[in-house]
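Here are my notes on the model you sent. They are in numbered points, so that each can be taken up separately.

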Amino acid sequence: MFNRALLPALLLTGGLLAAAVPAAGETPPPEEIPGLPVVVAGTGERGYSGDGGPAVDARLNDELRFAAGPDGTLYVADRYNKRVRVVTPDGGIDTLAGSLSRRAPETDGIEVPGLGTYSPSNAPTATAVGPDGSVYVAGIRDIRRFAPDGTVTVIAGGGEERPPDGADPGGDALDAYLHDPADIAVDADGMVYVADTDNNRIRRIGPDDIITTIAGGGEDHPASAEGQPGSSLNTYAPTSVAVDSTGSVFFTIEMDGSVYEIDSAGILHVISGEDIALQAEGETAGDAALTGGRQLAVDADDNLYITDLGNGRLRMLGAEDGQLTTVAPLPSGAEDIVIGGDGTLYYGLGSRIFRVSDPGAPVPPAEPVEPAGSPWPDAEPGDLVPVAGARGSADVLPETVRPVDPAAGPATVATGPDGVSYVADTRGNVVHRVDADGAVSALAGTGEGGFAGDGGPATAAQLSGPDGLDVDAAGNVYVADAGNARIRRIGADGRIETIAGADRPDDGETVAACVGEAATDAVLSYPVDVVAAPDGTVYLADRDLGMICRIGTDGLLTRVGGGGELWSDDADDEPAVEASLWEPSAIDADAAGNLYVIERGRPYVRMIRPDGVLVPLIGDSYYGQDEGGFAGDGGPAAEAELNTPLDLAVAPDGGLYVADTFNGRVRHVDASGVITTVAGTGSPEASGDGGPAAEAGLGEPSGIDVGPGGEIVVASQSTDLVRRIGADGGIETLADFRAAEAAGEQLGEAELSPGMRIAVGPDGTLAIAESAALRLRSTDGDTLTDLLPGGTAELAQVGELAAGPGGELYAILGQTVARVYPDGRSVVIAGGRPSDDTPIVDGTLATAQSLAPRDIAVGPEGTVFVLDNVRKAVYEIRADGTIATVPGYADVLFGEPVGLAVGGDGTVYVSDASYHLVYAAGPDEDARKIGGNGDDLYYTDDTGDGGPATETQLALPGDIVVDAADNVFVQTPNGVRRIAPDGTITTAVWAPDQSDDRLTPGGLALGPGGDVYVVESTHRQVFALVRPGDVTDGFPWFRAGLGAAATVLLAGAAVLVVRRRRERTPPERPLP
């Protein structure tokens, strides 16, 4: 029985654009992509787990500060896990020996005014690596040195001597009072520098063990104290400190955006926040100049790196020239930064650490590919041939695809007397039945969250976050329907009813629960587990009420645990109703009347005896969240360590099994109180079927129960498997809830989605982006396969695509432009800052900009061009990674620019749907109109074909492409129009009128050999217009067909719809 798995917090910033390093021992990818953030540690979910395994599968906590050794080893001050984590170059993680700083009972009771008492620890707050390889760790109260031989020495702090005001003559470092230093640094001589935050000082610890203040203790604000001694400054809350080889010490403070330098003579110099945040000469830095608490790092060449998070970038102050430059983008939430010995950038973001190799280096261009010819060499120019997609109904659209929920899957499990198991998918709002042979069927829930169905078939009922389950001796299944605040029961006849819980009062009034009221009248909050006891009573655990309640055989609800005021171990050996339980989340009962309890996130198990007394059973109830571990096998359970257990179950023989979730194991406590591991190795991966359970990888077991024959059934949301451990200790998979990998679809049979975007590479590879279906696919022969993992929320933001001359693919992903690699990795080349309308300054880093890209295109040399929807401007991404306005469009006032293309000579073409114009701007030329007269109305049925394109109505021009001969093709609601190099216009593909079933053109893409690929919007297909630039005498409509058998659907003369002229005032237009 159990409540629910602790669900992962997904990191939006990483998303599709962050890769993970391989697990320890695995083969790394062939190359690292410059600029690609690679996760090196952390899952993104806060907590503690993973020591001894791959760092990317480990949980870390927030506010990480870290340092890099010369070999690339990271030493991470995992403050809220109260330890230093070591991330090795091969991707492993462990705790630095001797660094664990747990709270201790003997220090309890420290009084904090207004906050009561607390239990302090000396948790690590920052790390640094010395020249001899020693690791220096700043704790809340002291500074420790971890020597290479493992010796740990306190070098400062622990005393009561506070720094004096004004000049500091120095004192014994071990007598000094330190409190919560935010950062430390070590120079080449072994001097240690401390950002002593709560003392408002920058302090130095020398090899003679004397500590002195080098900044702080005065009254002058640093920003106005240029040239003054450091002792004159009021350095309020210093947050970062760094030192270079000349002895200059740099620091920042919490409430100011400047960086301060104390030189070797002790004199202050100021690097102003205005200069750091400046985008370009003549501009103002704005609020970004005021961003306090900047993080600092110094590289091997004494260059100083400074975070400029208000502008989403990392700045560098050059040691040689003293110039500030932008070297790389940074997420706005980035925390600590480190520059490795090889120039690698590391940064913390939430509970993860990322690595960027060669920061600031532009993404290398792909080698050009010799373009293939047209795939239809025997077709006539102007033929329209089908390429991809089964013809869909114009009236019935595909169902909306929801993002895959990584937290969905088998959360809890219960096994009945007949050996049938039941599995709750909390996020999926369903309960499954799993027969002994592994057959899976529905027991309850439709998959749609809500409350409905009492009295009817459970399969037609609505559940809302079903959590804990149990089965009684008669085979009735009990469900903790947490989101509906009810306990529901499913009878042997398959009908569902509520046995506890009622609607909350409309007025929001708080109603006491578990006070002897009828269970069906009780107002519960969030019941997450349920137990049908052998004596016929039913127990429930309400997480949010913090109580365990019993439904008696008389139907009344009473409290048996929680709701009191005694916290943690103070409640041990006291009546359970006097305890304040921390979110009781998993319970089970034995035949003797004992009730076993897990409190959410706590590293222990307690028991309520039949006399109502709460007693410890496994682990130490003194400790709280993220203070667990793994220890104690073979010894007394009370002395063992658990790590976030999520479920437990009593066996028929009275033994207790615990899903020790974050340890990746199942633990067992026998009748004598001895604890052992019976399954799991701690590996995050599922493995070992057919072998001993103790040697199998379980992932993170989230639910557990024991069947009538002693078989153990284990559910794991992390692996989406339900495993069964037999009496002989062997393990097998009972049910597999993993989503099937997306199979490739044959091109002609693929079900495509509305609003698809396409691109075609020089080798003829077709890429299709479907935001409605959450997928980006490309062709492999005649099959469409996923290019990026499908079903993710990020793909709801996929936009236009473009292919480069080397076959490289670019995609709009939300507010960024990314290059997508064939192996599924992708790296942002432009955009990434939070959306705003700040002007983009030419020559600044493209990845540090705020963009709203509408369309993208790639030039013949591989240069990427971007059409920005907010600024209504055209930009190019230069080879050095900077961004600049395309000169020819600098003075163009667009209405609604929507389409972008680049010709073989570098001419940039833009369509404007609001002004009904198409522009062209050659290199070193101003933009000129090449299509449209600015009117969107047709006065007659004359299309203008054969006449000048600039004198023709070109209503709502959309996507555009240009071929090697400079024929420009424009998608409009009235068809695909061709603007020839001589300026004449013709219609290449007619749009349907109300009586026709002709092609409705959507997006366009240029293929090799001059073919123009056309998205057919109504029936969701892709066609190719074969070499339309070669057509000289009109397009051959009698040969054009939409079906696989080339059924003629475009035949016959078409007449454009003549619209009545509307009275309107034309807007001001550019380039009249």
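1. A residue is called buried here when its relative accessible area is under 20%, exposed when that area is over 50%, and partly exposed in between. The model is a predicted one, and the values below are computed from it.

2. With that cut-off in hand, take the salt bridge between R854 and E896, whose closest N and O atoms are 3.5 Å apart. The pair links distant parts of the chain, 42 residues apart: R854 sits in strand 66 (residues 853-858), and E896 in the loop between strand 69 (882-885) and strand 70 (897-902). R854 has a relative accessibility of 30%, so it counts as partly exposed. E896 is also partly exposed, because its relative accessible area is 32%.

3. The structure holds 42 salt bridges in total. Side chains of opposite charge can pair when their charged atoms come close. One of these bridges joins the side chains of D165 and R201, at 3.3 Å from N to O. D165 lies in the loop between strand 12 (152-157) and strand 13 (171-172), and R201 in strand 16, so this pair ties together parts that are 36 residues apart in sequence. R201, by contrast, is buried, with a relative accessible area of 7%.

4. D435 and R433 form another salt bridge, with the closest N and O atoms 2.6 Å apart. R433 has a relative accessible area of 29% and is therefore partly exposed. Elsewhere, salt bridges link E745, E770, R775 and R777 in a network.

5. R203 is also a residue of strand 16 (residues 201-205). Is R203 buried or exposed? Its relative accessibility is 3%, so R203 counts as buried. The R203 side chain reaches the backbone oxygen of Y177 at 3.2 Å. Not counting residues up to four places away in sequence, R203 touches P163, A176, Y177, L178, V192, Y193, V194, D196, I211, T212, T213 and I214.

6. On domains, the protein chain is divided into domain 1 (41-104 + 122-356), domain 2 (410-500), domain 3 (514-618), domain 4 (621-745) and domain 5 (895-990). The centres of domain 2 and domain 3, taken over C-alpha atoms, are separated by 22 Å. Their contact takes 17 residues from domain 2 and 14 residues from domain 3.

7. The size of an interface is often given as the accessible area lost when the parts come together. Between domain 2 and domain 3 the buried area is about 1200 Å², and carbon and sulfur atoms give 69% of it. How many salt bridges are there between domain 2 and domain 3? The count is zero. Two residue pairs are in polar contact between these domains, both at pLDDT 80 or more. On the side of domain 2 that touches domain 3, the elements giving two or more residues are strand 34 (466-471), strand 35 (477-481), strand 36 (486-490) and strand 37 (496-500). By class, that side of domain 2 has nine nonpolar, three polar and five charged residues.

8. E732 belongs to strand 55 (residues 731-736). At 37% relative accessibility, this residue counts as partly exposed. Apart from neighbours within four places in sequence, E732 is in contact with D689, V722, R723 and R724. The C-alpha atoms of E732 and N967 are 63 Å apart, and the two residues are separated by 235 residues along the chain.

9. I877 is placed in strand 68 (residues 873-877). Its relative accessibility is 8%, so I877 counts as buried. Its contacts, leaving aside neighbours within four places in sequence, are I829, A830, A846, T863, V864, V866, T882 and I883. Between the C-alpha atoms of I877 and N484 the separation is 52 Å, with the residues 393 apart along the chain.

Conventions. Residues are numbered from 1 along each chain as its sequence is written. This is a predicted model: local features need pLDDT of at least 70, side-chain atom pairs count only at pLDDT 80 or more; totals for chains, interfaces and linings use all residues. Side-chain values use heavy atoms; hydrogens and water are left out. Helices (H or I, at least four residues) and strands (E, at least two) are DSSP runs, numbered from the N terminus. Buried means under 20% relative accessible area, exposed over 50%, partly exposed in between (1.4 Å probe, protein chains only). A polar contact is a pair of N or O atoms within 3.5 Å; within protein, one must be able to donate a hydrogen and the other to accept it, and residues adjacent in sequence count only if both atoms are side-chain atoms. Contact means heavy atoms within 4.5 Å. A salt bridge is a side-chain nitrogen of Lys or Arg within 4 Å of a carboxyl oxygen of Asp or Glu. Domain bounds come from an automatic or database domain assignment. Buried area is the accessible area (1.4 Å probe) that two parts lose on being put together, summed over both. Ala, Val, Leu, Ile, Met, Phe, Trp, Tyr, Cys and Pro count as nonpolar, Asp, Glu, Lys and Arg as charged, and the others, Gly among them, as polar.
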